[in-house]
Amino acid sequence: MKFSKIFLPTLKDAPSDAEVVSHRLMVRAGLIRKVASGIYNYLPLGLRVIRKVENIVREEMNKAGAQEVSMPMVVPSELWQESGRWEVYGKELLRIKDRHERDFCLGPTHEEIITDMVRGEVRSYRQLPLNLYQIQTKFRDEIRPRFGLMRGREFIMKDAYSFHATEEDADKEYQNMYDTYCRIFERCGLKFRAVEAETGAIGGRFSHEFMVLADTGEDAVASCNKCNYAANVERAEIKSQGSGVRGQGSEKDKPLEKVSTPGMKTVEEVSGFLKTAPERLIKTLIYNSDKGIIAALVRGDHEMNEAKLKRTLDASWLNLADEEAVRKATNAPSGFAGPVGLKTKIIADYSIQTIINGITGANEADAHFINVNLDRDFKVGTFGDLRMVVADDLCLRCADGKLEIFRGIEVGHVFKLGTKYSEAMNATFLNEKGEEKSMIMGCYGIGIGRTAAASIEQNHDEKGIIWPMPLAPFHAHLIPLNVNDKAIMTTAEAVYKNLINAGLDVFMDDRDERAGTKFNDADLIGIPIRITVGSKALKESSVEIKMRKAADVSLIKIDDVKKKVLEIVSSGR
């Protein structure tokens, strides 16, 4: 492909709404253009990258035994109503009506469609296992689309769904997909970690996220410094340091006392007003849930992890109570709730066990209790690991490891769904004994555009993108310095044809532009190998070869260029 023939509008300046590196560089390098909030056109160069990701995914999925299908983006509401997700999925589900006033949605994910497809065809255990996948456009009506392809509303996704007769077989396929994902992201040239994660709106029993490591990542990940445990912070488990023993050292219980704290609601305000450390405070959070009104306690310097709280309660849903519900439960406005005298069920993080002479709201406006002690002043129905992890928390999985926190970009997610959808939608089969059983399901997704964007977040410098070889839109960027010089152009055309005939993807900048302009665009676009044809090198029957990620330039004989480039491409550098 030649620059004079390709639609490649590069820009010197990034758009004002671009908040992360990948968004800025994808726009500047002419890969994407915005159509509407969270919706983008893929320009030729950007689409080439997308296709590179898709091809790697497709090859590995096929190799793993999955079969490709294609399902519609527009889904009838009846299927979502069967699964129970029509009303609970939320506003991210874009609901539409056709001309007959029938309800449909734009598919954000395809559990319902695939389950309907399989239940209509599979009757016997002999037809299982089955793993079907597609690479397709999805739509989720994000409340705040941002970061370009990282959090768009319309996006390309590979989603796969497996169906099994036994738990053992489902676990085997889960591991197969886990291993397949590792190969996919290794082939993409990405540094990543597979971490334990919450299942979210998809549901299921457990899941793993595949995180590309990048400082600009939206997600925080906890990783042990001694063992291989890693988890999304929403899922990360902490070793209890309470062990049912209250306090450290020799501090004695003091008498309970109510103090005036006018207008002091937050931990920072109360601890500052009372001149004490935030860890002496006990935060009392009031929640509505399908288990009723709940008071959840966490130490003042910690944050409640609502995913852990929901899991500990075995609740289907929960949310922070509004002002009216808080007043009804505590007889006080928000900010003054506390466990002393509270009539509702109380659940607490393990860290509460270690607090002596703590501070809590007094369930009265502008008042707090000091010298609050567990068992004497309040009772806890259930203790659990309820808080967000922080750096240096103890690892639950090994003897002496501590958790480190790093940033990551989720590019893939594998779920063990169990029978959540098959039971709701009556997707059954007959087992060896002729008994009707619900199929056991798995779900496996990869964000195609997000993977490309994550690669840029991980591979760039101040000049532009540095594509890893497997995802690069072209292998080599050929630059004739003076297109009006016959000798230079004759050599450039010969090298161009020679490399293309060898099966390589080559991009030639045949514009009549200054060398600086061409080099700047080459750095911005980020193709791995730059080949420069200039008069100085030609005097030695050579061209210059430079790797985008390196500073040094090599002088290579013209006759050896094909061999050298093939060697670099095959090495995957």
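Q: Under what relative accessible area does a residue count as buried?
A: The model is predicted. Residues are sorted by relative accessible area, with exposed meaning over 50% and partly exposed lying in between. Buried means under 20%.

Q: Which residues of α12 are buried?
A: Helix α12 spans residues 515-525 and packs on a sheet. With the cut-off for buried at under 20% relative accessible area, the buried residues of α12 are K518, D521, A522, D523, L524 and I525.

Q: Which strands stand at the edges of the open sheet of 5 strands?
A: The sheet has mixed pairing and the order β28-β27-β29-β30-β31. The strands average a twist of 25° from one to the next. An edge strand has a single partner, so one of its sides is left without a neighbour in the sheet; this applies to β28 (506-508) and β31 (553-557).

Q: Which residue in β31 stands opposite V543?
A: Strand β30 covers residues 542-547 and pairs with β31 in the antiparallel sense over 5 bridges. V543 falls in the range of β30, and the residue opposite V543 in β31 is I556.

Q: At what angle does helix α11 run to β28?
A: Helix α11 (residues 486-501) lies across β27 (476-480), β28 and β29 (529-533). Its direction relative to β28 is given by an angle of about 160°.

Q: Is α1 roughly parallel or roughly perpendicular to α10?
A: Helix α1 (residues 21-28) and helix α10 (residues 448-458) pack with their axes 8 Å apart, at an angle of about 105°. The contact is made by V21, S22, L25 and M26 of α1 and by A453, I456 and E457 of α10. Angles of 65 to 115 degrees count as roughly perpendicular, and therefore α1 and α10 are roughly perpendicular.

Q: Which residues touch the most other members of the largest nonpolar core?
A: The largest nonpolar core has 60 residues, and its largest share, 7 residues, comes from helix α2 (residues 44-63). A second, separate core has 26 residues, including L79, W86, Y89 and L417. In the largest core, the residues that touch the most other members are Y181, F185 and F210.

Q: Which residues does F185 touch, not counting residues up to four places away in sequence?
A: F185 is one of the members of the largest nonpolar core that touch the most others. Beyond four places in sequence, F185 touches L190, F192, F210, V411, G412, I446 and T451.

Q: Is Q136 buried or exposed?
A: Q136 lies in strand β7 (residues 130-139). Apart from neighbours within four places in sequence, its contacts are M71, P72, M73, H110, F155, I156 and M157. The relative accessibility of Q136 is 10%, below the 20% limit, so Q136 counts as buried.

Q: How many Å separate the backbone oxygen of M71 from a polar atom of the side chain of Q136?
A: M71 is among the residues in contact with Q136. The separation between the backbone oxygen of M71 and a polar atom of the Q136 side chain is 2.6 Å.

Q: Which residue in β19 is the bridge partner of K258?
A: In strand β19 (residues 367-372), 6 of 6 residues are buried. Strand β13 (residues 257-260) runs antiparallel to β19, and 4 bridges join the two. The partner of K258 in β19 is F369.

Q: What is the phi of N363 in the turn between β18 and β19?
A: Strand β18 (residues 358-361) is antiparallel to β19, with 4 bridges between them, and G361 has H368 as its bridge partner. The two strands form a hairpin with 5 residues between them. N363 in the turn has a positive phi of about 55°.

Q: What is the omega of the peptide bond from L128 to P129?
A: Most peptide bonds are trans. P129 lies in the loop between α4 (111-119) and β7. The bond from L128 to P129 is cis, with omega near 5°.

Methods: Residues are numbered from 1 along each chain as its sequence is written. This is a predicted model: local features need pLDDT of at least 70, side-chain atom pairs count only at pLDDT 80 or more; totals for chains, interfaces and linings use all residues. Side-chain values use heavy atoms; hydrogens and water are left out. A nonpolar core is a set of buried Ala, Val, Leu, Ile, Met, Phe, Trp, Tyr and Cys residues joined through side-chain atoms within 4.5 Å. Buried means under 20% relative accessible area, exposed over 50%, partly exposed in between (1.4 Å probe, protein chains only). Contact means heavy atoms within 4.5 Å. A polar contact is a pair of N or O atoms within 3.5 Å; within protein, one must be able to donate a hydrogen and the other to accept it, and residues adjacent in sequence count only if both atoms are side-chain atoms. Two strands pair if DSSP finds at least two bridges between them. Axes are lines fitted to C-alpha atoms, for helices over the stretch in contact, and angles run from 0 to 180 degrees between N-to-C directions. Angles under 35 degrees count as roughly parallel, over 145 as roughly antiparallel, 65 to 115 as roughly perpendicular and the rest as oblique.
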